[in-house]
Amino acid sequence: VKYFLEQCLLSIEASNVNFGVETIVVDNNSPDNSVEYLQPKFPNVTFIANKDNPGFAKANNQGIKLSSGEYVLILNPDTVLGENVLQNVCNFLNNTADAGAIGVKMINGNGMFLAESKRGFPNPWNSFCKISGLSRLFPSSSFFGKYHLRYLDENKTHQVDVLAGAFMMIRRTALDKSGLFDEDFFMYGEDIDLSYRITKAGYKNYYLPEKIIHYKGESTRKDMKYVKIFYEAMYIFFKKHFPHYGKLYSLFITFGIYARGSVSALKRLVKSDNPENST
């Protein structure tokens, strides 16, 4: 997605900030010559060119280890920042001692709010509501709808459980205490896991209504492999953080995750086979 990444890097350069910024791009062996295309255009950016695709978590850890800033921003290549976003988020961190990580209001290319901008932990109850469809039936309920927290005003600041890896501004000291991304997650779920560990380290996660554009999904191939990876990530998180729940409940959650994964994969397969979707 070299053209998306180019716009992302330009938006970072155009940001109004009163502090130094270092930008590190980790390329996971992308097939479109991203590094060769972008490196001459952005001489102040550090590029890491992996020879394979080790996954989202491992690649971000490479960048974090190389960085030196007081705050670390994890940012998707298919995003565009508003010119004041970086300054306003850092100001909030400066003024909020218990803030471990910050997420923002993400909108897609059509201007629609992306619900994953703020989420609750996928504990057994929240997972049950999501898998069973209760959260979809009662999206504004604080009892059934805690997975996506739709009952919280998207235009106000909130303390939340989970932030999206597409934009996570993290306090360095919080990372030191919580640890980096868990590399057992190839892709998906690692942001949920890190958000959870940041809170266990004694910090809070906050959502700010600072707008960025996220061209959701442009940085991943849209195939059944990634559907499988997404639902396997949910299973890894559940087994890692909730190992003591009863076998029956665990079996239900496991069945629900893989059932939803199978349905999603089937929908994608049918859509890809539909000639009306061909161009």
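I take helices (H or I, at least four residues) and strands (E, at least two) as DSSP runs, numbered from the N terminus. The model is a predicted one, in which I read local features at pLDDT of at least 70 and side-chain atom pairs at pLDDT 80 or more, while totals for chains, interfaces and linings use all residues. Residues are numbered from 1 along each chain as its sequence is written, and side-chain values use heavy atoms, with hydrogens and water left out.

**Entry: serine 140.** I looked up serine 140 and found this residue in the loop between helix H6 (134-137) and strand E6 (158-160). I call a residue buried under 20% relative accessible area, exposed over 50%, and partly exposed in between (1.4 Å probe, protein chains only). Serine 140 is exposed because its relative accessible area is 59%. I also noted that its C-alpha atom is separated by 8.3 Å from that of leucine 152, twelve residues apart along the chain.

Entry: Most residues other than glycine have a negative phi. I recorded asparagine 29 as partly exposed at a relative accessible area of 43%, and asparagine 33 as partly exposed at 48%.

**Entry: strand E3.** I asked how much of strand E3 (residues 71-75) is covered, and four of its five residues are buried, so the strand is largely enclosed by the rest of the structure. Two strands pair if DSSP finds at least two bridges between them; E3 and strand E7 (residues 167-171) pair in the antiparallel sense over five bridges. Within this pairing I located tyrosine 71 opposite arginine 171 in E7.

**Entry: helix H8.** Helix H8 (residues 190-200) is mostly covered, with nine of its eleven residues buried. Just after H8, glycine 202 takes a positive phi of about 100°.

**Entry: aromatic pairs.** I counted rings of Phe, Tyr and Trp (its six-membered ring) as paired if their centres lie within 6.5 Å, with planes under 30 degrees apart taken as stacked, over 60 as edge-to-face and the rest as tilted. The count comes to four aromatic pairs. One of them joins phenylalanine 56 and phenylalanine 181 in an edge-to-face arrangement, 6.2 Å centre to centre with 70° between the planes. Phenylalanine 56 lies in helix H3 (residues 56-66) and phenylalanine 181 in the loop between helix H7 (172-178) and H8, so the pair ties together parts that are 125 residues apart in sequence. Phenylalanine 56 is buried at a relative accessible area of 18%, and phenylalanine 181 is buried at 4%.

**Entry: cysteines.** With a disulfide taken as a pair of cysteine sulfur atoms within 2.5 Å, I count zero disulfides. I looked up cysteine 8, which is buried with a relative accessible area of 3%, and cysteine 90, which counts as buried at 6%.

**Entry: valine 270.** I placed valine 270 in helix H10 (residues 247-273) and noted this residue as exposed, because its relative accessible area is 53%.
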